[in-house]
Amino acid sequence: MPQEQQKSVISEKYPDILVVEKKEQEHRLHDLKNVNGPVVMRMAPSPSGPLHLGHSRMAILNDEYVKRYGGRLILRIEDTNPQNIDPAAYGMIPKDLEWLGVNTTDIVIQSDRFDLYYTRAKELIRMGVAYLCSCDVNVFKDLLMKGEACPHRGLSPEANLERFQLAIDGKSTEKSPVLVIKTDIKHPNPSVRDWIAFRKISGSHPRTGTKYSFYPMMNFSVAIDDHELGLTHVIRGSDHISNTEKQKYLFRYFGWKIPEYFHYGTISIPDSILKTSIVKKGILDGTYSGWDDVRLQTIGALKRRGYQPETFRRYWIESGLREVNAEFSWDIFNSINRQIIDANADRFFFVSNPISVKISGSPAILARIPRYQGKPERGFREYRIAADSNVYISKDDLMNIKDGEKIRLKDLYNVIYRNGSFTYSETEPSREKIKIIHWCPPESSAFTVEGPDGSLDEGLLEPLAHEITGIFQFERYGFINKTSSARGIYIHN
RNA sequence: GCUCCGAUGGUGUAGUCCGGUCAAGCAUAUCGGCCUUUCGAGCCGACGACCCGGGUCCAAAUCCCGGUCGGAGCACCA
């Protein structure tokens, strides 16, 4: 029966079921699979620097799910590579999370747990699923590409255990020893074939000094900890898909319950500098003033710019966690932030590129400008403007005024521009649609706006705004985080 | 090259698992209107999308196959 016919039959016989309430399509994150009771989730940054915009995604998504289902959110600091650690990051990361409103219930630092990793590694060696290899790196790689075992793969657990003990005691005489996890030497994905679990790194670790020199690789310590900490759900980027496959081997060898994994697509963030190594280099050579330089997208920099924690949360919830890669949208991010800050941002006049113009024939007048259009209870900015006074307007506006054109100085009076000079027209707003521009009184003082690209815009700011700081809107200019009497940072329009 | 993943308007997404309420929702952007005066906010309106081809089915954005395009990873970073 065609659908039309079905419908007519239904409407005759069973009219009730046609009344379907259109339900609101709520914008929320999809549910996680296999949730039975409270969840245990984690975020696992490496302490190479402070958190940035990209990190905020994983932090907030994890936080959202733990809030939804109840449970624990573990901050696990992954500092198993001493060559990639900034000691200051141990303190900066929790601060960034706190500012973002991410509620972590536990903090685990992997460098506290090296003995645990050694213990688990020995168990694997005894099971015969891990071996110590001291082949040359290139030889080892070549064999794997061909799907062939290296000579060490067949050694007995006892021999491997002994050699591993020497390696962790730092007494191994073998050249570049590594502990390898056996998987499938012919696995279709070459990267999953026998993977490295530990390698030797000389030098000092910021937290453990020279006590250890045989360090676990991320795939090893992550798998061990995900089990030991009782993780139920792991959400992370699609760049970890093949890592997940590697880590599952450990779960199977130990007979552990495998957590529910979900890999979300990578978000590329345009116009951003996120790589910690590049930022760090820039800070050292003086390109950037610090981790919170306005040109960067660290949490600290965005906070200093004037972005609100709630903006991050709303943005990441709205963009969801699909498996497809996507591009971050500054337009939407800014729009969300604007909605949040607008209501509390008083309005002021800032004239960029100022030029003083005389208004001939103007009366003495008290200008009364609302701090927030439409909300008189918020108060007014009042300025006594003398007769025949000069005011400042932006040169950019001046260039756009045609000869003979009438324009309004906002909340002041109308003027006519003719032959290069202004003449007072009337105070009452005219009914006709005319261009409205902003202005500054003669006693305004210098103010500099720092742009997100590091550029500086010099201009004049009206007197009543001098002494206050915070987030304001400079009319017809944009939202500004005013940090001192003479300086502010541009947030967005 | 190999392994895996994905494809909804300019952008970001909802819906896809369990085909029909989807002639496809929301946000953002753009354009227009309203608002005793911002290029802001708010309200109203317009614009605009299911990658292509085949199949299954009464019915496909949704299931199956092929193609195209895009992405992630590829071994001693995390």
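User: How much space lies in the second largest cavity?
Analyst: About 30 Å³. A cavity here is a set of points on a 1 Å grid over the protein atoms alone where a 1.4 Å probe fits but cannot get out. Grid points are joined across faces, edges and corners, and the volume is the space filled by probe spheres set on the points. This is a predicted model: local features need pLDDT of at least 70, side-chain atom pairs count only at pLDDT 80 or more, and totals for chains, interfaces and linings use all residues. Residues are numbered from 1 along each chain as its sequence is written, chains are lettered from A and ligands numbered from 1 in the order in which they are written, and side-chain values use heavy atoms, with hydrogens and water left out.

User: Which residues line the second largest cavity?
Analyst: Ala167, Gly170, Lys171, Ser172, Lys200 and Ser213. A lining residue has an atom within 4 Å of a point. By class, one is nonpolar, three are polar and two are charged. Ala, Val, Leu, Ile, Met, Phe, Trp, Tyr, Cys and Pro count as nonpolar, Asp, Glu, Lys and Arg as charged, and the others, Gly among them, as polar.

User: And what is the volume of the largest cavity?
Analyst: About 60 Å³. Its lining includes Pro50, His52, Trp291 and Thr298. The lining has six nonpolar, four polar and no charged residues.

User: Which element gives the most to the lining of the largest pocket?
Analyst: α2, with five residues. Helices (H or I, at least four residues) and strands (E, at least two) are DSSP runs, numbered from the N terminus. α2 covers 53-69. By class, the pocket lining has 13 nonpolar, 15 polar and six charged residues.

User: Switching to sheets. In what order do the four strands of the open sheet come?
Analyst: The order is β4-β5-β6-β7, with antiparallel pairing. Two strands pair if DSSP finds at least two bridges between them.

User: Why is one side of β4 and of β7 left without a neighbour?
Analyst: β4 (130-133) and β7 (214-216) stand at the edges and each has a single partner strand, so one side of each has no neighbour in the sheet.

User: How many bridges join β6 to β7?
Analyst: Three. One pairing involves Arg199, whose bridge partner in β7 is Tyr215.

User: What part of the RNA faces the protein, sugar and phosphate or bases?
Analyst: Of the RNA strand B atoms within 4 Å of the protein, 65% belong to sugar or phosphate and the rest to bases.

User: What does Met145 do there?
Analyst: A polar backbone atom of Met145 is 3.1 Å from a base nitrogen of RNA strand B.

User: Which element gives the most to the surface near RNA strand B?
Analyst: α12, with six residues.

How values were computed: Near = heavy atom within 4 Å. Polar contact = N/O pair within 3.5 Å; in protein donor to acceptor, adjacent residues only side chain to side chain. 1 Å grid on protein atoms, 1.4 Å probe; cavity = no way out; pocket = protein on both sides within 12 Å on 5 of 7 lines; lining within 4 Å.
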